[in-house]
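Okay, thanks everyone for coming. I have one model to walk you through, so let's get it up on the screen.

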Amino acid sequence: MRYNIAIAGNPNCGKTTIFNALTGARQHVGNWPGVTVERKSGKYTQAEHKFDVIDLPGTYSLAAFSAEETIARQYLINDKPDVVVNIVDASNLERNLFLTTQLIELGRPMVIVLNMMDMATEKGLEIDADTLATLLGAPVIPVVGRSGAGIDLLKEKILRVARELSLKSRPIDITYPRDIEAELEQVSALLTASGDENRLVRWTSVKLLESDKQTRDEVRALKGGEAILEQTARSIEHIERLFKDVGRAVISHARYGFIQGALRECVVETLPDAVDYSRRVDRLLTNRWLGLPIFALFMWLMFKVTFDLGSIPMGWIDSGVVFLMNVISAALPQSMFASLLVDGAIGGVGAIAVFLPNIFMLFFIIAILEDTGYMARVAFIMDRIMHNIGLHGKAFIPMIMGFGCNVPAIMGTRILESRRDRILTVLINPFMSCSARLPVYVLVAGAFFPENAATVIFSMYILGIVAAIGSGKLFSKTILKGMSKPFVLELPPYQRPTLRSLVLHTWERGFLFIQKMGTVILVGSVLIWALGYFPTQVDLERDYSAERAQVNQVYDQDLSDLTAKFKSSVQASKSVYHSEMVEYKASSGYQELNDQYQTLRTSLSEAHTNQLYSLRQQEVGDITEQKWIGRIGKVFEPIVAPLGFSWRESVALITGFVAKEIVVSTFGVLFGVGANVDEGNLGVISGLRSSGMTPLAALSFLVFTLLYTPCLATVAAIKRETGTWSYTLFSIGYSLGLAYLLAFGVQYFGGIFNWLS
Amino acid sequence: MFNFNKPRHQLSNDYSDGLRLNDLKPGEIGRVLEIGGSEQFRLRLIEMGLTKDTEVCVDKFAPLRDPMELIVRGYHLSIRGQDAQKIAVERIN
């Protein structure tokens, strides 16, 4: 037989640990249809029965307030799992059982797992599992998920509950105060009379009295639905008059009453003075004075480890990619296919594959922060600041990580629970100046502001932060208005993370990035390559090889003239003073002549090299101008002209879509130095200086580079995390617009007030 | 037509100018009298166990004074001061 199991429970109850313990590594991570809530499924076999396990999102309740709650609820009602495995934190029973009281009403066969028994014992809680099982009408299994104790028993129990499905075990009802029960009865009677056999009558009646909109809509469609809703309205009015509060508050209150009654019968506190270790740790970690400095230290370490330690395997991947490119281009004959494979596909994906170590490292650290429970404290400490831009405290982490690389940072927004917060954080993240933008700053600022390069670069970082904050405020007051959720955050006890769960977490999230690399980034890289490769035949107005021959000929002529002149001078001066050549060569007169000759020769050869170089530069420029990319650059030239850019800058910016650091190598190509340049290359610097770019245009170029869409990988990550093209396209459009506006501002006001001239 | 949605809840007159949760100092314990504010907020709090008559201990304030940390039903919960201001309490220690 094959059975479906759903795992349900509060956040922080160790749900994922139990899920991992049940399914091992055989799991699949995806998204629930239509929403970006992680959907985890797995399977295991027990006594030749197959179990498909689904890990429902962690929720405190089954109200349909959040996407997570709606998903969990819809799945339990519509997919009717054979067994619901409800994980509860034994050390925090009271609140955890609130969800259980709702699950009981859903009427699915259930197994209750008392997880974290070790922590409960440490707290001095003695729990009578058998009595609890009787009171809740479902088997209760104590386990310690982290060590795996009790998991075998749990699997056995799940199997037995699944197989006894036909035996119709009768679960208990949560009983409410008499006045509420009376109203429930009235509504239930009408529901039963409506003859909808698939309906869970008690659950539906309770939800109706709780003013649950979704249930109301479902009931309205039933036969006699309007009559049921009329009765519901009367009942709610009655309850509100009696209890002076809305139905849902009264019912929730009653649920807690039921729980307290049950716990009185089966829980004994043996250590009333047990030490709350987490609270002690928090005296330090969220301390009034030390909390922020310690957090800053952790952030610094996180940044250091991610980008410094990550740079080691980064070097290996980089050399691996270069090696692969060399081997393939050596093995294949020069052809379009070879160029496509090497320069387009491998080069493009390789440029992004080097970020893999960073991404995995970052996800590993985030997993540590989450699994230990420190992430909740980050939200606690930073909420005051992030609240200013309408965000949750946790959003601080992806913002900081954006300084390293926006891709893992945007993927890191998964730590935020609310979709609105995730989208807002994703949209402003690209303004955090990532490390790939630094080479561009260094090159351009070094070429135009050698005296003040550091100041210029630093102000780019500041401008990025200002743009992020400003846009955050703007978005939370306009397009993402009013979707904000109240801040109600549990601070779970600290825990030692298990390596297994850290690795699983890291792998799951990192794998998503690898998947993306194979698709969006590959297509994008090939597209940019094609723009630079086609058309293969270009007609140049000038005959560069003839000009080169001309230059060489002139040089040869000049050189031989010079040499002849030198020889005749030597002859003349020798005949005046000396008879022997050996004697003469030692004289100062000869030395002088020779030095003169050598100097002239060197300067002649330098001038020749420069001439050839500048010819080559013009030729490459002319060729690129005729490739599609150059034509597009030309098309954009009038558009970017107000920013002070020529077609060259517009080409550089277009290629920068693949990855920002490519802007540097594009300048390398455009100025005939070749693509393999770094930001300190003198050829590119002199090329930039002599290209007609003004310092003001250079500044506006920097501003544009900072603000416009960071790279393809980021676009892919935005698409992945927002789940829609509309937010993705909006992000591209907005950042391009803002980049244009501010770059134009620099050019315009700089021109008026005569900056930098 | 009956209105099923009550988006906001006004505190009763009895409590409208009394003690609020954010008035308590760290270490003080209060008993919840009533929770006001948006429906979503108050029902979420009730579901988290902050029901009427529940005892709440104010554990501490965050380094920047906001949000605050509470101990409710044996676990730690954090809410913002502006929200705590909508919770009427009486001091019991």
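**Two chains and what lies between them**

So, let's start at the interface: chain A and chain B bury about 4200 Å² between them, and 60% of that is on carbon and sulfur atoms. Buried area here is the accessible area, with a 1.4 Å probe, that two parts lose on being put together, summed over both. Chain A brings 50 residues to the contact and chain B brings 40, where contact means heavy atoms within 4.5 Å. If you want names on the chain A side, A:Phe380, A:Phe487 and A:Val488 supply 15% of the area that chain A buries against chain B, more than any other three residues.

Quick housekeeping. This is a predicted model, so local features need pLDDT of at least 70 and side-chain atom pairs count only at pLDDT 80 or more, while totals for chains, interfaces and linings use all residues. Residues are numbered from 1 along each chain as its sequence is written, chains are lettered from A and ligands numbered from 1 in the order in which they are written, and side-chain values use heavy atoms, with hydrogens and water left out.

**Chain A**

Chain A has 33 helices and 10 strands. Those are DSSP runs numbered from the N terminus: helices are H or I with at least four residues, strands are E with at least two. How does the radius of gyration look? Chain A has 36 Å, whereas a compact globule of 757 residues would be near 27 Å. That radius is taken over C-alpha atoms, and the globule rule is 2.2 Å times the number of residues to the power 0.38. Along the principal axes, the C-alpha atoms of chain A fill a box of roughly 130 × 55 × 50 Å.

On burial, 52% of the 757 residues in chain A count as buried. The cut-offs are under 20% relative accessible area for buried and over 50% for exposed, with partly exposed in between, using a 1.4 Å probe and protein chains only. Looking at contacts in chain A between residues at least 6 apart in sequence, 74% join residues at least 24 apart.

Charges next: chain A carries 70 positive and 72 negative side chains, and the centres of the two sets lie 4 Å apart. Lys and Arg count as positive, Asp and Glu as negative, and His and the chain ends are not counted. Each charge is placed at NZ of Lys, CZ of Arg, CG of Asp or CD of Glu.

**A few residues in chain A**

Take A:Ser339, in helix H15 (residues 336-353). Is A:Ser339 buried or exposed? A:Ser339 counts as buried, because its relative accessibility is 12%. Leaving aside neighbours within four places in sequence, A:Ser339 touches A:Gly344, A:Trp529 and A:Tyr533.

Then there's A:Leu741 in helix H33 (residues 725-752), which is exposed at 57% relative accessible area. The C-alpha atoms of A:Leu741 and A:Ile365 are separated by 37 Å, and these residues are 376 apart along the chain.

A:Pro535 sits in the loop between helix H23 (499-533) and helix H24 (544-577).

There are also positive phi values in residues other than glycine. A:Lys80 has phi near 40 degrees; A:Lys80 lies in the loop between helix H2 (67-78) and strand S5 (83-89), and A:Lys80 is partly exposed at 41%. A:Met116 has phi near 60 degrees and is in the loop between strand S6 (110-115) and helix H4 (117-122). A:Met116 is buried, with a relative accessible area of 9%.

**Chain B**

On to the partner. Chain B has 2 helices and 7 strands, running β-β-β-α-β-β-β-α-β from the N terminus. The radius of gyration of chain B is 13 Å, close to the 12 Å that the globule rule gives for 93 residues, so chain B is as compact as a globular protein of that length. Of those 93 residues, 60% count as buried. For charges, chain B has 14 positive and 14 negative side chains, with the centres of the two sets 3 Å apart.

Chain B has a cis bond too, from B:Asp66 to B:Pro67, with omega near -5 degrees. You'll find B:Pro67 in the loop between strand S4 (55-61) and strand S5 (68-72).
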